[in-house]
Amino acid sequence: QVQLVESGGGLVQPGGSLRLSCEASGFNFRYYVMGWYRQAPGKERELVASITTTGGTTNYADSVKGRFTISRDNDKNTVYLHMNSLKPEDTAVYLCAAKLPPSRVNRYWGQGTQVTVSS
């Protein structure tokens, strides 16, 4: 059974930090490109960051560059999102997704974890 399980979300003050984790099971994680997305109420889902199979290449949305870092541990079947200098506009449900190259479509999605940035 394929699963992507996110954890690490919560309530944090502006300027604070969080680390999100997404643990995969049921498929060959190391062959998949992984991405973190977020969706805020009333807004479209957006790609926050992505990482290639070996972790050699990462990409970020302009809104999070310099503040967020995506990483992965293929031995633990886990992808991380380190978030620093959080802003209220970062508030959203954060979801991880898996895509098998060369497809550009995500095959698997997690259920998401809520991140709320508020004082």
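1. A charge sits over a ring if NZ of Lys or CZ of Arg is within 6 Å of the ring centre and within 35 degrees of the ring normal. With that in mind, look at tryptophan 109: the charged end of arginine 45 sits over its ring, 4.5 Å from the centre. Please keep in mind as you read that this is a predicted model.

2. Arginine 72 lies over the face of phenylalanine 29, at 4.5 Å from the ring centre. The side chain of arginine 72 also reaches the backbone oxygen of phenylalanine 29, at 2.9 Å, and that of threonine 53, at 3.4 Å.

3. What is the nearest side chain of opposite charge to arginine 72? It is aspartate 73, 8.3 Å away. Arginine 72 is buried yet has no salt bridge; a salt bridge needs a side-chain nitrogen of Lys or Arg within 4 Å of a carboxyl oxygen of Asp or Glu. Leaving aside neighbours within four places in sequence, the contacts of arginine 72 include Arg30, Tyr32, Val33, Met34, Ile51, Gly55 and Val79.

4. Now for the aromatic rings. The structure holds four aromatic pairs. One of them joins phenylalanine 27 and tyrosine 108, with 4.8 Å from centre to centre and 40 degrees between the planes, a tilted arrangement. Phenylalanine 27 lies in the loop between β3 (18-25) and β4 (33-39), while tyrosine 108 belongs to strand β10 (residues 108-109), so this pair ties together parts that are 81 residues apart in sequence. Phenylalanine 27 counts as buried at 12% relative accessibility, and tyrosine 108 is buried too, with a relative accessible area of 19%.

5. Tyrosine 108 has another partner in tyrosine 32. Their ring centres are 5.8 Å apart and their planes stand at 35 degrees, so this pair is tilted. Tyrosine 32 lies in the loop between β3 and β4 and tyrosine 108 in strand β10, so the pair ties together parts 76 residues apart in sequence. Both tyrosine 32 and tyrosine 108 are buried. Taken together, Phe27, Tyr32 and Tyr108 form one aromatic cluster.

6. Aspartate 62 counts as exposed, at 64% relative accessibility.

7. Another salt bridge brings together the side chains of glutamate 46 and arginine 38, at 2.6 Å from N to O.

8. One last thing to trace in the model: Arg38, Glu46, Arg67 and Asp90 are linked in a network of salt bridges.

Notes: Residues are numbered from 1 along each chain as its sequence is written. This is a predicted model: local features need pLDDT of at least 70, side-chain atom pairs count only at pLDDT 80 or more; totals for chains, interfaces and linings use all residues. Side-chain values use heavy atoms; hydrogens and water are left out. Rings of Phe, Tyr and Trp (its six-membered ring) pair if their centres lie within 6.5 Å; planes under 30 degrees apart count as stacked, over 60 as edge-to-face and the rest as tilted. Helices (H or I, at least four residues) and strands (E, at least two) are DSSP runs, numbered from the N terminus. Buried means under 20% relative accessible area, exposed over 50%, partly exposed in between (1.4 Å probe, protein chains only). Lys and Arg count as positive and Asp and Glu as negative; His and the chain ends are not counted. A polar contact is a pair of N or O atoms within 3.5 Å; within protein, one must be able to donate a hydrogen and the other to accept it, and residues adjacent in sequence count only if both atoms are side-chain atoms. Contact means heavy atoms within 4.5 Å.
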